[in-house]
Amino acid sequence: MINIDEILKKSKKIHFIGIGGSGMCPVAEILISLGYEVSGSDNNDTETFRRIEREGAKVFLGQVKENIADDTDLVIYTNAILKGNEELEYAKANFPTYERAEVLGALSRVFTNCIGICGTHGKTTTTSMTTQILLEAGLDPSAVIGGKLPAIDAYGRYGKSENFVCESCEFNNTFLHMNPDVAVILNIDEDHLDFFKNLDNIKKSFRKFAEKTTRVIIYNGDDENTVDTLKGIEGKTLISVGTKKDNEWTAENIVILGGFHSEYDVYHKGEFVAHVVLSVPGEHNILNSLCAFVAAFISGADVESIVSGLNHFGGAARRFELLGTYKGITFADDYAHHPAEIKVTLEAAKKMGYKNVWAVHQPFTFSRTALLLDDFAEVLSIADKVVISEIMGSREINTIGIKATDLSSKIKGAVQLDTFEEICDYVCANAEEGDLVITLGCGDVYKVARMMCKKMKEAK
């Protein structure tokens with residue numbers, strides 16, 4: 001197969017299969033801005049699908065081979081497309097066809113300051129923070145983000161500078177297609193074990209990502225797995241960040257203000273640099289913001305703009321996203337789908353002073369639920385009230401025989417309800433004034449959050 005970098009240079013007409021996906025849309029937007037003629041298809045008529053149409057792409061609802069013009073130079077598809085898809089099979093037989101991650105890798109080599117942000121947890125938030133800072137600093141970045149950033153009302157953008165902020169996901173080793181100039185490694189934990197099998201394999205992949213980085217590695221010096229993974233790395237500038245004094249950049253004098261706010265002081269090699277006030281909850285976001293601070297600083301952002309950008313950052317969509325308060329009950333939504341993510345989210349929620357914290361969790365994939373069943377039960381028990389939906393299998397078939405009740409039965413007082421309608425009715429009938437209800441999961445559990453808000457808003 002011809003090298004994707006060369007194909008991209010020679011192409012004029014590019015077709016996307018699954019163009020409405022949150023990961024595909026920003027890549028399509030960047031390519032449109034670079035002057036390519038873009039078309040694409042999707043099975044779902046979503047906001048992102050229509051957004052890319054407004055940006056100039058020719059779009060098709062439904063996936064059939066006739067969507068691909070005969071003079072198409074390159075076809076890009078998402079790995080969410082299932083085998084046997086008519087359009088994808090036709091593309092592979094007749095056109096140069098590449099998965100999104102491969103094209104994203106090529107784009108990482110187009111820009112001279114590609115910031116690749118990776119880690120088991122916190123990627124989307126930190127990518128969003130870094131993008132917002134660079135925007136406020138006037139550095140006009142391009143970006144590909146795993147969640148919608150309210151400041152740009154999109155999952156990504158094209159800028160006219162050499163700065164490219166890119167969320168770099170380890171799932172299926174997709175980030176190994178990239179060659180970032182600056183790597184940010186937030187943490188390394190057990191996840192995607194259906195692919196990686198064990199922690200050692202995960203660490204090996206992060207090690208390869210670090211080795212593919214051309215200049216600088218910013219890493220979490222408080223995280224043992226990350227520190228161990230980077231031992232012996234040569235030919236790069238390594239910058240450690242964290243709360244421990246032996247890191248090069250540190251967050252000190254941390255104050256959790258309650259609600260959605262916290263503040264801390266930034267120090268570099270023991271010298272005070274700035275005071276930061278955050279408008280997003282949780283101690284984990286202090287470290288995320290410090291990583292974004294350093295990434296932006298070494299990319300040329302001034303300290304005043306960095307502080308301002310972090311202060312104005314109100315979160316990415318589905319990252320402890322506040323949806324509203326109705327009848328005295330506050331509703332929020334979060335993408336957390338791994339025990340470590342759920343733990344920090346619920347711990348942050350418990351410190352906010354609400355009467356009760358409700359966790360409405362949608363387990364995602366049968367393999368992850370089975371492998372981490374006890375861990376899920378332990379962290380969900382942090383909440384005062386727990387409601388478990390049925391498991392969203394996504395790409396998997398339930399050959400294990402795992403059931404949602406296997407999880408709910410391990411959590412004292414937990415309720416298991418299959419449908420979103422049942423969950424909505426139950427929570428709205430039982431939540432009380434002063435409670436916080438937070439939906440948790442990477443599937444479509446956000447729908448029940450909005451259903452509950454609508455029901456409470458309309459209640460007399």
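Q: Which residue in S15 does Ser262 stand opposite?
A: Ser262 stands opposite Leu278 in S15. The model is a predicted one, in which local features need pLDDT of at least 70 and side-chain atom pairs count only at pLDDT 80 or more, while totals for chains, interfaces and linings use all residues. Residues are numbered from 1 along each chain as its sequence is written, and side-chain values use heavy atoms, with hydrogens and water left out.

Q: In what sense do S14 and S15 pair?
A: Strand S14 (residues 261-268) and strand S15 (residues 271-278) pair in the antiparallel sense, over seven bridges. Two strands pair if DSSP finds at least two bridges between them. Strands (E, at least two residues) and helices (H or I, at least four) are DSSP runs, numbered from the N terminus.

Q: And which residue in that hairpin takes a positive phi?
A: Lys269 does, with a phi near 50°; the hairpin of S14 and S15 has two residues between the strands.

Q: Changing topic: what is the order of the open sheet of five strands?
A: The order is S3-S2-S1-S4-S5, and the pairing is parallel. Strand S3 (58-61) and strand S5 (97-99) are at the edges with a single partner strand each, so one side of each has no neighbour in the sheet. On average, neighbouring strands of this sheet are turned by 20° against each other, direction ignored. Axes are lines fitted to C-alpha atoms, for helices over the stretch in contact, and angles run from 0 to 180 degrees between N-to-C directions.

Q: How many bridges join S1 to S4?
A: Four bridges join strand S1 (residues 13-17) to strand S4 (residues 74-77), and the two run parallel. Phe16 has Ile76 as its bridge partner in S4.

Q: Which strands does H4 touch?
A: Helix H4 (residues 86-94) packs on the sheet and touches S1, S2, S4 and S5, with a direction at about 145° to that of S1. Contact means heavy atoms within 4.5 Å.

Q: Where does H3 lie?
A: Helix H3 (residues 47-54) lies across strand S2 (37-42) and S3, and runs at about 150° to S3.

Q: At what angle do H2 and H3 pack?
A: Helix H2 (residues 24-33) and H3 pack at about 0°, and their axes are 10 Å apart. They are therefore roughly parallel to each other, a label for angles under 35 degrees. From H2, Cys25, Ala28, Glu29 and Ile32 make the contact, and from H3, Thr48, Arg51 and Ile52.

Q: Ser389: buried or exposed?
A: Ser389 is buried, with a relative accessible area of 1%. Buried means under 20% relative accessible area, exposed over 50% and partly exposed in between (1.4 Å probe, protein chains only). Ser389 is placed in the loop between strand S19 (385-388) and helix H15 (404-408). Leaving aside neighbours within four places in sequence, its contacts include His361, Ala404, Asp418 and Phe420.

Q: What about Thr124, buried or exposed?
A: Thr124, found in helix H6 (residues 123-136), counts as buried at 4% relative accessibility. Its side chain and that of Glu167 are joined by a polar contact of 2.8 Å. A polar contact is a pair of N or O atoms within 3.5 Å; within protein, one must be able to donate a hydrogen and the other to accept it, and residues adjacent in sequence count only if both atoms are side-chain atoms.

Q: Last one: where does Glu162 lie?
A: Glu162 lies in the loop between strand S8 (154-157) and strand S9 (163-167), and is partly exposed at a relative accessible area of 41%. The side chain of Glu162 reaches the backbone nitrogen of Thr112 at 2.9 Å.

Methods: Angles under 35 degrees count as roughly parallel, over 145 as roughly antiparallel, 65 to 115 as roughly perpendicular and the rest as oblique.
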